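Dear colleague,

Please find below the structure that I am handing over to you. My notes on the ligand and the pockets follow it.

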Amino acid sequence: MPRPNKILAITGGVGGAKLALGLAKILDPEQILFAVNVGDDFEHLGLHISPDIDSLTYALAEQNNQELGWGRAGETWQFIETLGSLGGEDWFRLGDKDLALHMRRRQLLDAGATLSQATATICQHMGIQHSVVPISDDPIRTEVHSEQGDLAFQHYFVRERCEPAVSGFSFKGMETAGLNPVIGTYLQDCDGIIICPSNPFVSVAPVIEVAGFLEAAAHIPTVAVSPIVAGTAIKGPAAKMMQELNIPATALAVAQHYQNRYPTLLNGFVIDETDRHSLNEFNLPSVATQSVMRSLDDRIALAQRCLAFFDELPA
Ligand code: FO1
């Protein structure tokens with residue numbers, strides 16, 4: 001298959017944002033659109049928190065907090081610490097700079113902007129030229145079914161530190177959520193989809209399960225990058241979730257999960273060099289490469305490998 005001219009990249013979480021930056025470094029803004037998960041979003045302290053949009057925005061602006069893996073670089077914590085000292089909720093750590101972004105988003109949403117419009121405005125002010133687009137402007141909220149009952153995603157992820165064993169997930173609002181029209185239109189002449197190394201259950205599923213997405217994507221060559229490397233997730237609970245769901249925590253099982261659940265989705269799969277030994281077990285075109293992204297060069301190299309992979313896919 002020829003190398004695509006117009007790519008849609010699906011991202012959620014920190015791993016996704018890393019590859020997104022690599023892609024943004026080598027592709028012009030008209031060559032790629034980032035479709036972002038909103039299942040992690042929640043209303044908190046009167047604010048609309050959109051963690052995956054935030055992670056991507058900070059990554060593309062090269063303002064992401066490298067130590068924490070989330071939030072903004074050079075952060076201070078006066079607000080949240082003062083809030084805690086007043087008996088307020090401080091389990092979800094909103095830094096002072098991050099708070100400013102959230103206040104601005106609140107203001108834009110209250111003035112009638114959609115989440116897409118608010119995101120575009122914030123990105124513009126942060127000097128981001130590439131399109132960061134929520135998969136839907138309608139609310140989709142991931143719920144984690146766990147041994148502690150059903151938990152809103154951030155309650156599971158941050159407040160409970162991903163400790164409760166999970167038994168499944170549901171996406172409240174998914175039945176009525178509309179595919180973002182910007183993405184619907186983009187897919188009409190998009191010729192390649194890259195699923196970044198994001199959690200398949202809670203980052204990618206709430207994107208691709210939005211009504212209309214899979215149908216629109218069925219004829220577009222799609223490659224996914226494994227978020228599981230040598231049996232562990234580089235960041236986040238993907239491997240732990242797989243074990244709790246009785247799925248082996250392997251790159252192969254991630255590919256099989258996508259293939260079983262979304263039979264029209266994948267045309268190719270990218271795994272890490274350390275998992276190269278398993279390549280012959282995949283029943284779709286697969287390549288092994290260095291996928292652990294420590295530096296900017298690593299992000300760019302993986303982005304380049306993903307693009308080159310399209311050339312190697314059978315027509
Ligand atoms: N993750 C944490 O582990 N602890 C936090 O206190 C926290 C605060 C936070 C604030 C804003 C934001 O956009 C993200 C934040 N995250 C925090 C990250 C985030 O909730 C998760 O990494 C994602 O939802 C998983 O992709």
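The ligand is surrounded by 15 residues, the closest being D40, D52, D54, R93 and Q154; a residue counts as near a molecule if one of its heavy atoms lies within 4 Å of it. This is a predicted model, in which local features need pLDDT of at least 70 and side-chain atom pairs count only at pLDDT 80 or more, while totals for chains, interfaces and linings use all residues. Residues are numbered from 1 along each chain as its sequence is written, and side-chain values use heavy atoms, with hydrogens and water left out.

By class, the shell around the ligand holds 8 nonpolar, 2 polar and 5 charged residues. Here Ala, Val, Leu, Ile, Met, Phe, Trp, Tyr, Cys and Pro count as nonpolar, Asp, Glu, Lys and Arg as charged, and the others, Gly among them, as polar. Two helices, α2 (51–60) and α6 (153–159), each supply at least two residues of this shell, and α6 gives the most, with 4 residues. Helices are DSSP runs of H or I with at least four residues, numbered from the N terminus.

A pocket is an open set of points, on a 1 Å grid over the protein atoms alone, where a 1.4 Å probe fits, with protein on both sides within 12 Å along at least five of seven lines; lining residues have an atom within 4 Å of a point.

The largest pocket has a volume of about 850 Å³, a volume being the space filled by probe spheres set on the points, which are joined across faces, edges and corners. Its lining has 44 residues, with G13, V14, G69, F157 and K235 nearest the centre. The largest share of that lining, 5 residues, comes from α2.

The second largest pocket holds about 310 Å³ of space. Of the 20 residues that line it, K18, N64, N65, Q66 and R299 lie nearest its centre. Helix α1 gives the most to this lining, with 4 residues.

Yours sincerely
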